[in-house]
Amino acid sequence: MYEIQEREVPQQLVLTEQRHITPEELPDWIPAALGRLAPVAEAHGGFFGDPFVVYHGEVNEDSDGPVELCVPVDPARAGRLPAASRTEPAHTQAYTRLTKAQTAYPQILSAYDAVYAWAQREARTTTAAPREVYFVDWSEIGPADPACDIAVPLAD
């Protein structure tokens, strides 16, 4: 059902906002956090890649993450940003692309399962927390339009 692909992701300096959160809060928190970090990014050279959300822990009825929104910015701005930031190491990702409709909880969980199952079948080791990569303006797309990638960093 899901096509799994690989891509190389360069090292990135990212603005971050982190929170413990429930599945019901995610659809409101992600755009709100992006709304807080996007102006900081724009004031410091703009976006240097697609925003992504890292799930450092499970988010479900029994667990609340934490979850981290990351906005890639100009690496030359390191140490001069007025918001929390960190360096995301370069890595290979396994990922699958979802439509906006497929991102609904709990349906989205099957995409995570598919990426992890692919990694296991291919004898690939995952090296960091899974993430959702948002490459379009969410407000401008319909349910059948590509909306985000479910991605997992892999060992080389």
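Reader: Arg77: what does it count as by relative accessibility?
Author: Arg77 counts as partly exposed, at 26% relative accessibility. The cut-offs: buried is under 20% relative accessible area, exposed is over 50%, and partly exposed lies in between (1.4 Å probe, protein chains only).

Reader: Where do these values come from?
Author: This is a predicted model: local features need pLDDT of at least 70, side-chain atom pairs count only at pLDDT 80 or more, and totals for chains, interfaces and linings use all residues. Residues are numbered from 1 along each chain as its sequence is written, and side-chain values use heavy atoms, with hydrogens and water left out.

Reader: Which side chain meets Arg77 in a salt bridge?
Author: Asp74, at 3.8 Å from N to O. A salt bridge here is a side-chain nitrogen of Lys or Arg within 4 Å of a carboxyl oxygen of Asp or Glu. Asp74 is buried, with a relative accessible area of 17%.

Reader: How many salt bridges by that rule?
Author: Nine.

Reader: Which residues are linked in a network?
Author: Glu68, Arg86, Glu88 and Arg131 are linked by salt bridges.

Reader: What about Arg36, which residue does it bridge to?
Author: Glu17, with the closest N and O atoms 2.5 Å apart. The pair links distant parts of the chain, 19 residues apart: Arg36 sits in helix α1 (residues 26–43) and Glu17 in strand β2 (residues 12–19). Helices (H or I, at least four residues) and strands (E, at least two) are DSSP runs, numbered from the N terminus.

Reader: Switching to α2. Which residues are buried there?
Author: Ala111, Tyr112, Ala114, Val115, Trp118 and Ala119. They cover an arc of only 160 degrees around the axis, which puts them on the same side of α2. The arc is that of the directions from the helix axis to the C-beta atoms.

Reader: What do the buried ones pack against?
Author: Strands β1 (5–9), β3 (52–55), β6 (91–99), β7 (131–134) and β8 (146–154). Contact means heavy atoms within 4.5 Å.

Reader: Which exposed residues are on the face turned away?
Author: Asp113, Gln120 and Arg121.

Reader: What follows α2?
Author: Ala123, with a positive phi near 55 degrees.
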